[in-house]
Amino acid sequence: MRIARFSIDGNVAFGAVEGEGAVESGGLVLDIIKGIPYTDFELSGTKVPLSKVRLLPPVLPNKIVAIGRNYAEHAKELGHEVPEVPVAFFKPTTSVIGPGDAIEYPSFSSELHHEAELAVVIGRMCREVPRERVKDVIFGYTCANDVTARDVQKREAQWARAKGFDTSCPLGPWVETDLDPSDLAVQATVNGEQRQLGRTSDMIRSIEDLVVHITEAMTLLPGDVILTGTPAGVGPLTVGDEVAVTIEGIGTLTNRVIKRG
Ligand code: MG
């Protein structure tokens, strides 16, 4: 099931996406959900065309734990070795934007990069999750763009500003709850031109590895998000660009880059 979060006439709700095609195609309908998606919920049967709503970030995480250098080709393109233990960092909740929202080019950077990533959405409170239970704590998957001020990342020891500025975490367009994430194409295009293309089967650490590693240290809450790293092909974004992250089996997350005003 694809679960979107949206606003219509000033109200915010979740809905199950029905139909086929892209967001813009006009072929999609939302069946409004009664309750919240992480626990028991039902479909209300009340349907609205997706073209009549504004899609919001599909989830409001308590935290976003991101993994760096999880694809060997990407580590290599930035001149890094594959790390012995996964590189983990946080992106703040204030960095989250939804499909169609603007990425604001930060004033303190002159080298902004896209990073297309599969995002894991956690469905229940958990810690010290054993490998065989990982699938039980995952609610679903969505597309993410780990937008990065690469010049700032290079000159500051921690990545809080480089990867944590406002609008640096587009998520969406919805959460797919029924998906085998082990071998999906992950793609980024800029103005329609392909920049990144990889497969989740090329991840150095699997989703199971990452959930075990993260929950060894901290409790994850329903709605928390794990960014699983980006394949090779990261590259610059400039003001006016339209960047799209497409993941097989999920959909496409599109955002435009604007000057911070
Ligand atoms: Mg990344």
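Here are some questions and answers about a predicted model of a protein structure.

Q: Which residues hold the magnesium ion as protein donors, and how are they spaced in sequence?
A: Let's start with the metal site. The protein donors lie 2.0 to 2.1 Å from the magnesium ion, and they are Glu115 (OE), Glu117 (OE) and Asp146 (OD). Reading along the sequence, the spacing of these donor residues is E-x1-E-x28-D.

Q: How many cavities of 30 Å³ or more does the structure hold, and what is the volume of the largest cavity?
A: The structure holds one cavity of that size. Among the residues nearest its centre are Glu115 and Arg69, and Glu115 is also a donor of the magnesium ion. The volume of the largest cavity is about 100 Å³.

Q: Which elements give two or more residues to the lining of the largest cavity?
A: The lining of the largest cavity has 15 residues. By class, four are nonpolar, five polar and six charged. The elements that give two or more residues to this lining are strand S6 (64–68) and helix H3 (150–155).

Q: What is the phi of Arg69, and where is Arg69 found?
A: Arg69 is not a glycine, and still its phi is positive, at about 55 degrees. With 21% relative accessibility, Arg69 counts as partly exposed. As for its place, Arg69 is found in the loop between S6 and helix H1 (72–77).

Q: Is Thr167 buried or exposed?
A: Thr167 has a positive phi of about 80 degrees although it is not a glycine. Thr167 sits in the loop between helix H4 (160–164) and S14. Its relative accessible area is 7%, so Thr167 is buried.

Q: In which strand does Pro173 lie?
A: The peptide bond from Gly172 to Pro173 is cis, with omega near 5 degrees. Pro173 itself lies within residues 169–176, and that stretch is strand S14.

Q: How many disulfides does the structure hold?
A: A disulfide needs a pair of cysteine sulfur atoms within 2.5 Å. For Cys126, the nearest cysteine sulfur is that of Cys169, 18 Å away. For Cys169, the nearest is that of Cys143, 12 Å away. The number of disulfides in the structure is zero.

Q: Which strand gives the most to the lining of the largest pocket?
A: The largest pocket holds about 220 Å³ of space, and its lining includes Gly21, Trp174 and Gly251. At least three lining residues come from each of domain 1 (2–55) and domain 2 (64–259). The element that gives the most, with three residues, is strand S20 (residues 251–259).

Q: How many nonpolar, polar and charged residues does the lining of the second largest pocket have?
A: The second largest pocket has a volume of about 180 Å³. It is lined by 13 residues, with Pro181, Ser182, Ser206, Ile207 and Glu208 nearest its centre. Helix H2 (134–137), strand S12 (138–145) and helix H5 (207–215) each supply at least two residues of this lining. By class, the lining has six nonpolar, four polar and three charged residues.

Methods. Residues are numbered from 1 along each chain as its sequence is written. This is a predicted model: local features need pLDDT of at least 70, side-chain atom pairs count only at pLDDT 80 or more; totals for chains, interfaces and linings use all residues. Side-chain values use heavy atoms; hydrogens and water are left out. On a 1 Å grid over the protein atoms alone, a cavity is a set of points where a 1.4 Å probe fits but cannot get out, and a pocket is an open set with protein on both sides within 12 Å along at least five of seven lines; lining residues have an atom within 4 Å of a point. Grid points are joined across faces, edges and corners, and a volume is the space filled by probe spheres set on the points. Helices (H or I, at least four residues) and strands (E, at least two) are DSSP runs, numbered from the N terminus. Domain bounds come from an automatic or database domain assignment. Ala, Val, Leu, Ile, Met, Phe, Trp, Tyr, Cys and Pro count as nonpolar, Asp, Glu, Lys and Arg as charged, and the others, Gly among them, as polar. Donors are N, O and S atoms within 2.8 Å of the metal (3.2 Å for Na, K and Ca); water is not among the atoms, so sites may look incomplete. Buried means under 20% relative accessible area, exposed over 50%, partly exposed in between (1.4 Å probe, protein chains only).
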